[in-house]
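User: Hello! I am new to this structure and would like to learn how to read its features. Could you take me through them step by step?

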Amino acid sequence: MNKYVEKVIAYVKEKYQDQPEFVQTVEEVYTSIAPVMDAHPEYEEADLLMRMAEPERIFRFRVTWMDDQGKVQTNVGYRCQFNGAIGPYKGGLRFRNNVNESVIKFLGFEQTFKNSLTGLPIGGAKGGSDFDPAGKSDAEIMRFCQSFMTALYRYIGPDIDVPAGDIGVGSREIGYLFGQYRRLKGNFENGVLTGKDLTFGGSLIRPEATGYGAVYYLQEVLKHEGDSIEGKKIAVSGYGNVSWGIMKKAAQLGAKVTYMSGSAGYIHDEAGIDTDEKLDFILDLRVKNSKDLKSYADRFGCEFYPKAKFWGVDDVDIYMPAATQNEVRIEEAEKIVRSGVKYYMEVSNMPTSSEAIAYLRENGVIVAPSKAVNAGGVGVSALEMSQNSERLEWTAEEVDQRLKTMMKDIYDKSLDAAQRYGLGYDLIAGANIAGFEKVAEAMMKQGIF
Ligand code: NDP
């Protein structure tokens, strides 16, 4: 492998030993782009990879709020503005108790290349807090969001940094965050956040966008294999925002999700999670953050398997991990290979360990990378920003059509990049290279800093 790439990976491994998720992402992306570094010695002269591995800035701040019992609670908040070379920083906020600096940095690093891949002018960022909304009242969530925004508002803005939702942050949280931003700034800059409610500048299809986009990308992969989505059965991990979008679009296109899971266990619904009633039930579960997945089985008469994971079931055609990071390690990958399932589409950020990816691919499973598959979410967020700045409201059909075109474009770009470097049908390397190229060129042209 390229010596400079090896040197930078070794440096990051040594320096950030305590940030395993971040190290894994850097290693994966930089290994993929090694052929680009061979072709561009000027990037090494500009020490581009070392610079790209260091966020432009990262904030860590105190978020203090009062719970319903009048007790003072303190959490840690983060915002990592990773790379702004091609546009204002853009990336979600995650509220979950396992959020730490490593998680925020890996997500911000990934976001930089993902945003570039959409073809839209947005830089990479991520933020969040170790606050867990599960079990909190609406009033507690509001007070937390207000305190979080009070600490953050000085550092964001429609042309500076535009946060959005992620795990634990949906339209309710975005509403409270925007309300506090507006109160503090005394203006109506609704382009500062995306994922807003439709009443104050949200975009139609934004809630569905990541899941819809993932299914559009899946269609391209199936087409490449001479296959089609009709009649396919899918196992999706998670039942949150992204998983719900996958279920909805799969149902529209004649496929069905028959498995879903959460941290408490998984559901097998052989009839398919494909009716409005079922989809609304899931939406409601997510909004309540109750973690009560079993109630779905009770309501719709199917099986709930407590404390279990579904990896290895063989009565599906496609696996789509869409919950969180580190879902599939080597043990789960072995089960997937034994199941004979051919398609593995990453949707959540970094759901698979490097060893598991290698094992799946060596055994003939087609693996698509989350960086590309889930990019429709941020893509539609950027469309929301355009609508806000031009005071426009596009129809659902218009946004959905743009999303579909964007996903095909991302797929084609990834394939083209892999082929240009003689890598064949390697969607992972292709996405990394295609995302990297634009950021690298922009940084080269903006001078050394
Ligand atoms: P949500 O908070 O809406 O849903 C997360 C889901 O994952 C829940 O069903 C939750 O179930 C489950 N989950 C979370 N942690 C664990 C865990 N440790 N073990 C098992 N299940 C878990 O998040 P999103 O749907 O928005 O995000 C899902 C993934 O997609 C994340 O990786 C996110 O970064 C990525 N993504 C999201 C985008 C978006 O537009 N929302 C855009 C691009 C990427 P439970 O609460 O019961 O544990």
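Analyst: Happy to. Let us begin with strand pairing: two strands pair if DSSP finds at least two bridges between them. Helices (H or I, at least four residues) and strands (E, at least two) are DSSP runs, numbered from the N terminus. This is a predicted model, in which local features need pLDDT of at least 70 and side-chain atom pairs count only at pLDDT 80 or more, while totals for chains, interfaces and linings use all residues. Residues are numbered from 1 along each chain as its sequence is written, and side-chain values use heavy atoms, with hydrogens and water left out.

User: In which sense do β2 and strand β4 pair, and over how many bridges?

Analyst: Strands of a sheet pair through backbone hydrogen bonds, either parallel or antiparallel. Here, β2 and β4 (residues 123–129) pair in the antiparallel sense over six bridges. Within that pairing, Cys80 has Lys126 of β4 as its bridge partner. Strand β1 (residues 57–66) is also joined to β2, by ten bridges, and these two run antiparallel. There, Cys80 in β2 stands opposite Ile58. The hairpin of β1 and β2 has five residues between the strands, and Gly70 takes a positive phi near 85° in it.

User: How many residues of strand β2 are buried?

Analyst: Burial is read from relative accessible area: buried means under 20%, exposed over 50%, and partly exposed in between (1.4 Å probe, protein chains only). In strand β2 (residues 72–83), nine of the twelve residues are buried, so the strand is largely enclosed by the rest of the structure.

User: In what order do the seven strands of the open sheet come?

Analyst: The order is β9-β8-β7-β6-β10-β11-β12, with mixed pairing. Its edge strands, β9 (303–306) and β12 (366–368), each pair on one side only. On average, neighbouring strands of this sheet are turned by 15° against each other, direction ignored. For such angles, axes are lines fitted to C-alpha atoms, for helices over the stretch in contact, and angles run from 0 to 180 degrees between N-to-C directions. Inside the sheet, β6 is joined to strand β7 (residues 256–262) by five bridges, and the two run parallel. Ile234, for instance, has Val257 in β7 as its bridge partner.

User: Next, salt bridges. What is the count?

Analyst: A salt bridge is a side-chain nitrogen of Lys or Arg within 4 Å of a carboxyl oxygen of Asp or Glu. The count comes to 29 salt bridges. One of them joins Glu110 and Lys371, whose closest N and O atoms are 3.1 Å apart. This pair links distant parts of the chain, with Glu110 in helix α6 (residues 101–117) and Lys371 in helix α15 (residues 370–373), 261 residues apart. Both Glu110 and Lys371 are buried.

User: Which other pairs can I look at?

Analyst: Glu270 lies in the loop between β8 (265–268) and α11 (276–288) and Lys233 in strand β6 (residues 233–237), so the pair ties together parts that are 37 residues apart in sequence. Glu270 is partly exposed, with a relative accessible area of 35%. Then there is the salt bridge of Lys288 and Asp284 (3.0 Å, N to O). These two are four residues apart in helix α11, and are therefore separated by about one helical turn. Lys288 is exposed at 55% relative accessibility, whereas Asp284 is partly exposed at 37%. Salt bridges also link Arg94, Lys126 and Asp166 in a network.
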